Amino acid sequence: MEKLRIVFMGTPEFAVGILDTIIKNHYEVVGVITAADKPAGRGQKLKYSAVKEYALANNLRLLQPTNLKDETFLAELQSLNANLQVVVAFRMLPEIVWRMPKLGTFNLHASLLPNYRGAAPINWAIINGETKTGVTTFFIDDKIDTGAMILSKETMIGPEESAGVLHDRLMALGSEAVTETLTLIESGNVTTTIQVDNADIKTAYKLNKDNCKVDWHKSAAEIHNLIRGLSPYPAAWCFFKDNGEEWNVKLHEARVIPETHTLVVGQIITTKKEIKVAVKDGFIQILSLQFPGKKKMAAHELLNGVTFSERAQAE
């Protein structure tokens with residue numbers, strides 16, 4: 001059995017949950033690599049990554065390279081004398097980095113590989129209406145999320161579950177998977193399974209303004225999946241148009257009302273407490289949303305100050 005000396009690489013809150021589990025299981029983390037600080041907000045103040053915040057709070061050795069091939073960084077990384085690197089939600093590594101430790105570099109990915117390789121696996125699993133997802137650990141190679149798999153863990157996706165709720169559940173499941181993977185590597189009992197490509201593999205594309213926009217001509221189920229799959233961030237969006245005005249609206253929570261009607265697709269129907277949008281096979285009831293310059297609010301809260309006409313339309 002070889003004692004592990006771990007370098008951890010990650011950036012967002014999801015990675016913090018995994019790093020915290022590694023620390024609490026008394027593994028030696030000799031260094032943490034995270035993204036460089038970036039200006040954010042109206043004041044453009046430098047913002048620390050979630051992993052940096054954690055590393056500073058726990059007195060961990062921290063490196064923030066802008067260039068992973070920089071000779072100074074590579075020398076610093078080598079000097080940490082790690083025999084294993086663990087990567088969670090970071091960036092693509094050059095071969096000189098992932099080949100550096102004796103025991104290799106493994107990644108935790110929030111999907112059941114080979115499905116949903118890419119930047120947003122949690123979101124796309126829900127957007128595509130999957131009922132099952134999970135996490136996978138694998139040894140990194142020269143492509144994105146294609147390396148030899150070590151182990152995976154499955155979980156069901158609830159019919160109303162949002163990406164935010166699933167994110168937190170997968171962070172806990174991922175912590176279990178990483179702990180088990182570390183045990184296998186430390187004991188020398190790790191075995192791997194090569195990923196097999198096929199034409200049916202689904203991809204977790206990077207989210208952008210276009211693929212986050214609601215198409216009201218799709219089915220109620222597809223629209224509902226998009227909204228919950230992008231909640232709370234970055235949020236599905238659309239335009240609300242009424243009386244010559246137009247608002248770019250974020251949609252956070254919704255539910256499907258299957259009902260036959262003869263209304264135009266996209267027509268907005270309101271009562272004192274409810275907002276519904278007509279779709280081809282029923283209605284999407286908007287439960288919470290966010291208007292430009294406003295905070296997220298429940299539909300009934302918005303309707304206390306906003307009135308829609310019978311001609312209001314979602315596009």
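Me: Which residues does Trp216 touch, not counting residues up to four places away in sequence?
Reply: Touching here is a contact, meaning heavy atoms within 4.5 Å. This is a predicted model, so local features need pLDDT of at least 70 and side-chain atom pairs count only at pLDDT 80 or more, while totals for chains, interfaces and linings use all residues. Residues are numbered from 1 along each chain as its sequence is written, and side-chain values use heavy atoms, with hydrogens and water left out. Leaving out residues up to four places away in sequence, Trp216 touches Ile223, Cys238, Leu251, Val265, Gly266, Val277, Val279, Ile284, Ile286, Ala314 and Glu315.

Me: Which residues touch the most other members of the largest nonpolar core?
Reply: A nonpolar core is a set of buried Ala, Val, Leu, Ile, Met, Phe, Trp, Tyr and Cys residues joined through side-chain atoms within 4.5 Å. Buried means under 20% relative accessible area, with exposed over 50% and partly exposed in between (1.4 Å probe, protein chains only). The largest core has 75 residues, and those touching the most other members are Phe8, Ile22, Leu182, Trp216, Phe240 and Leu289.

Me: Which element supplies the largest share of this core?
Reply: Elements here are DSSP runs numbered from the N terminus: helices (H or I, at least four residues) and strands (E, at least two). Nine residues of the core make up that largest share, and they come from α6.

Me: How many residues are in the other core, the one with Leu68 and Phe73?
Reply: This core lies apart from the largest one, and Leu74 and Leu80 are also among its members. As background, nonpolar side chains tend to be buried together in soluble globular proteins.

Me: How many residues of helix α7 are buried?
Reply: α7 covers residues 220-229 and is mostly covered. The buried ones are Ala220, Ile223, His224, Asn225, Leu226, Ile227, Arg228 and Gly229. They pack against several elements, including α5, α6, β12 and β15. Out of ten residues in α7, the buried ones number eight.

Me: Which residues of β15 point the other way from Ile275, Val277 and Val279?
Reply: In a regular strand the side chains alternate between the two faces of the sheet. β15 is mostly covered, with five of its five residues buried. Opposite the Ile275, Val277 and Val279 side, the residues pointing the other way are Lys276 and Ala278.

Me: Which residue of β16 stands opposite Ala278?
Reply: Two strands pair if DSSP finds at least two bridges between them. β15 and β16 run antiparallel, joined by five bridges, and a hairpin of two residues links them. On the β16 side, the residue facing Ala278 is Phe283.

Me: Which residue of β15 is the bridge partner of Ile269?
Reply: β14 (residues 268-270) runs antiparallel to β15, with three bridges between them. The hairpin joining β14 to β15 goes through four residues. Ile269 has as its bridge partner Lys276.

Me: Which are the edge strands of the open sheet?
Reply: Seven strands form that sheet with mixed pairing, in the order β5-β2-β1-β6-β7-β9-β10. Within it, β6 and β7 run parallel and are joined by four bridges. An edge strand pairs on one side only, and the two that do so are β5 (62-63) and β10 (149-156).

Me: What is omega for the cis peptide bond that joins Tyr233 and Pro234?
Reply: Pro234 lies in the loop between α7 and β12, and Pro232 has its place in that loop too. The bond from Ser231 to Pro232 is cis as well, with omega near 10°. For Tyr233 to Pro234, omega is about 5°.

Me: What is the phi of Asn59?
Reply: Asn59 is found in the loop between α2 (50-57) and β5. It counts as exposed because its relative accessibility is 72%. Although Asn59 is not a glycine, its phi is positive, at about 55°.

Me: Is Gly305 buried or exposed?
Reply: Gly305 is found in the loop between α8 (299-302) and β18 (313-314). From Gly305 to Glu13, C-alpha to C-alpha, it is 35 Å in space and 292 residues in sequence. Since its relative accessibility is 67%, Gly305 counts as exposed.
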